[in-house]
Structures are given as structure tokens and as C-alpha cells.
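Visitor: I would like to learn how to read a few features of this model. Please take them one at a time.

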Amino acid sequence: MAVQQAGEGHPVVVVGAGAAGVQTVVALREKGYDGPLMLLGDEPHRPYDRPPLSKSVLLGGDADAVRFDVDFDALGVEVRLGCGARGLRPEARELDTARGPVGYRALVLATGAEPVRLPGAAGLPSVHELRTLDDARRLGPVLAQRREVVVVGAGWIGAEFATAATAAGCRVTVVEAADRPLAGALPAEVTGPMRAWYREAGVELRTGVGVRRIEDGAVELADGERLTAGAVLVGVGARPATAWLAGSGVAIGARGDVLADEGLRTSVPDVYAVGDCASFPSARFGGRLLVHHWDNALQGPRTVAASLTGGAGAVYDPVPYFWSEQFGRFVQYAGHHADADTLVRRGDPDGDAWSVCWLREERLVAVLSVGRARDLAQGKRLIASGAPLVRERVADADVPLKSAVADGAAATVG
């Protein structure tokens, strides 16, 4: 199998050495591409996985253990570290990098996302992010000192960091401008029970109040209150790392996302995009999805590799999935609930194990599971199948989700 011959002699270049980039070079070899292949990473570290950063690495775990178990030499992949992308000139088939121009035969954009930063906080010694291995290494000693920690943002990363900081013995305050945790991800009727998780863990959660400014050692809230902070973790979201593509001709959406098609091709010939930096059209959910989660970076590269090596009809339309460990709970989510017309609970949300299902026209489109892994596994298959369900059975926590399929439709469920 081979890509188009324009740019003959140059490698297929993958920009970004995170999960999406690493999985792309692996998938290309698995699909039979045997030409020159190059992986470019912005950081100086050998490619590593990010989910453990907010968990084991933060609490003193072995940083070497997070490196991907991939033998790049055996795959024939040239890895260039400290070689981040700075610009793209498609007409010349050249990528401008921190170490000079790189010619390409085909290009895969896998640059991921970058954290949203608060104005005025840059350069303050007490202010931290948690996106890279270096971030986790800087934060680890801070937690070991058991300082007072303020977390700005009660999203997924804020909750995971607060969990780790509490486990390390720190006194933690979480500040959220919205009126509840995870306000940007889930509706109020779902996040309501999660407020108690913070209280039970000994974390003070302040909602409905923004940050006026951050100083070294303190956070001033919008209402004038000042919080002492030996360390501040800013976790207010992330956006696609695509600013470097300005003027390249690659179509970018309103959210900064590369607008890929169903085969993860961009608007520029022989340029593809995968992972956190790209959105894609979903026939399953009836819209364009931008998914900032690990499973997307794991699954998308197979479609990129198929498209790039000439696979006919390669289509990327997954059931999105992610998981989070926070305050002693294992939270999983699959699907996309934005267009759901019905929300159905399974189990007591004040208990240790419960789920929420979202239906559209009696078909499952999303499921959130707290401590009910079977609901998540069965729910994901039901979303993929599109089988109609009986709402009353869905609401009965004692009935397996797979048994909620409407009579006569069971044969459609794998």
C-alpha cells in the first residue's frame, strides 16, 4: 500500500507525539505502509501517555512507566523530539518546525490540545497547569509539602487533581465560576450529587464565583475574598493546538478545531488530522464532534491509516468514551447526549453506584456510569446498535440494560 506519489522521497510525517500521533505511526505500519515515516514531538521527552499524569505520577509514581511501550526503531520510525510545528506550506509540501523545514509526502496533524490560561497568571511560581510530564514533575513536590492548594475549575481535570492533592494531605479549595461542578460537560440534574463528593473528601467547593486575579501565593475572587494558596492549579479547559496552522489553508472551525471529514482528511490534499485537535462529522449523532478524550486518540488513527493508505470507504464515527477517577469513584461516559430528549436514572444518585441514560426517540445516545461498569459496557453496545429501548426497563436498575431492548429488536444488539 502506498500514499499518493507527490512528494516522492519524503516521509509521511506525523506532527504530535502524544497518544494520537504514536498510534498513527503504529497503525500505518499495521496497514502495510512500508515507506519512510517520521514522528515529530514538541517536548524533549520520549513519547508518553497522559492519563497517569493526574494520578500516579502526581503522587510520586515512576515517570518512566508512562512512556509508550513502542519500539520506534523496530518500526522504522524516525522520532524527532523538541521539534514542534511552527507553520505549514502545503504548496511546497513543507512543514516549518523548531528545527527547520521538513518535507512530507503526506502529513498527519496530531498536535492535541493546549490548556486555556488565565490572564495575568503567566510566570507566577505558584501557578501550575497539568498537561505535560514536566507539569506533573513540578507539582509532585508541591503536593508532598502539603500546602494549601487552590484549584481553579471544577471540571474533570480539576476534580482529578483535587483528589490527588487531598490524598497527599493538602488542604484543597476548588473555585468554579459556574453554579456546579462539570457545568460545561453535564446537565445540572446529573452533577447535583457530585457536589457531595467534594464535601465527603474534605475539599471545599466554591461555586458561582469567578477569579478576579491570581498573585503569587494568593487568589482573589470576584467577590473580593482572598484565598491563601501555596499552589494554584488552573484547570479551566483546553482548546485545539492549531494556532500554528494560520494561513496554511487548512480549514479551522470556530472552536479552533481542524475540520476533518469522515475519513479524517482535512481541506488540504494529503493532510489528515486526528485526536484532540480535530473535529469530525458524525452521522450517528447528527453533528460535528470535537472529542478531547484519550479513547478518541486511540481509535482515530486506524481510520487515518486506512484513508492514507488508500482504504476505500474509511469512515470514523465512533461512540465516544472516557473515564475519570475522582474522590474514590470510577466515572465512565459513552456517547453524546446533546440532542437527547429523555433522561432516565438507574439507581440512587446519593448512593455509591448509579447511572444516567439519555434517550432520543427511545434509542440510547449516551450513558454515564458511577460504579456500574456493566451499564457502561452494555450501554455502549446499545448506542452503537441503535436498538429501540423500553423506557421503564431502562429505569429499573435491577434489569440489565441489554434486557431493556424492545421486544422484537433484540437480534440487532451485538
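Guide: A kink of about 25 degrees lies at Gly300 in helix α7, shortly before the proline Pro301. The bend at a residue is the angle between axes fitted to the seven residues ending there and the seven starting there. Helices (H or I, at least four residues) and strands (E, at least two) are DSSP runs, numbered from the N terminus. This is a predicted model, where local features need pLDDT of at least 70 and side-chain atom pairs count only at pLDDT 80 or more, while totals for chains, interfaces and linings use all residues. Residues are numbered from 1 along each chain as its sequence is written, and side-chain values use heavy atoms, with hydrogens and water left out.

Visitor: How many residues of α7 are buried?

Guide: Buried means under 20% relative accessible area, exposed over 50%, and partly exposed in between (1.4 Å probe, protein chains only). In α7, 11 of the 15 residues are buried, among them Gly300 and Pro301. After the helix comes Gly310, with a positive phi near 90 degrees.

Visitor: Which strands does α7 touch?

Guide: Start with the sheet. Strands of a sheet pair through backbone hydrogen bonds, either parallel or antiparallel. Two strands pair if DSSP finds at least two bridges between them. Here 5 strands form an open sheet in the order β3-β2-β1-β7-β19, with parallel pairing. Its edge strands, β3 (77-80) and β19 (271-273), each pair on one side only. The twist averages 20 degrees from one strand to the next. Axes are lines fitted to C-alpha atoms, for helices over the stretch in contact, and angles run from 0 to 180 degrees between N-to-C directions. Contact means heavy atoms within 4.5 Å. Helix α1 (residues 19-30) lies across β1 (12-15), β2, β3 and β7 (106-109), at about 170 degrees to β2. Helix α7 (residues 294-308) also packs on the sheet, touching β1, β7 and β19, and makes about 165 degrees with β19.

Visitor: In which sense do β4 and β5 pair?

Guide: Strands β4 (residues 85-89) and β5 (residues 94-97) are antiparallel over 4 bridges, and Leu88 stands opposite Leu95. They form a hairpin with 4 residues between them, and Arg93 in the turn has a positive phi of about 50 degrees.
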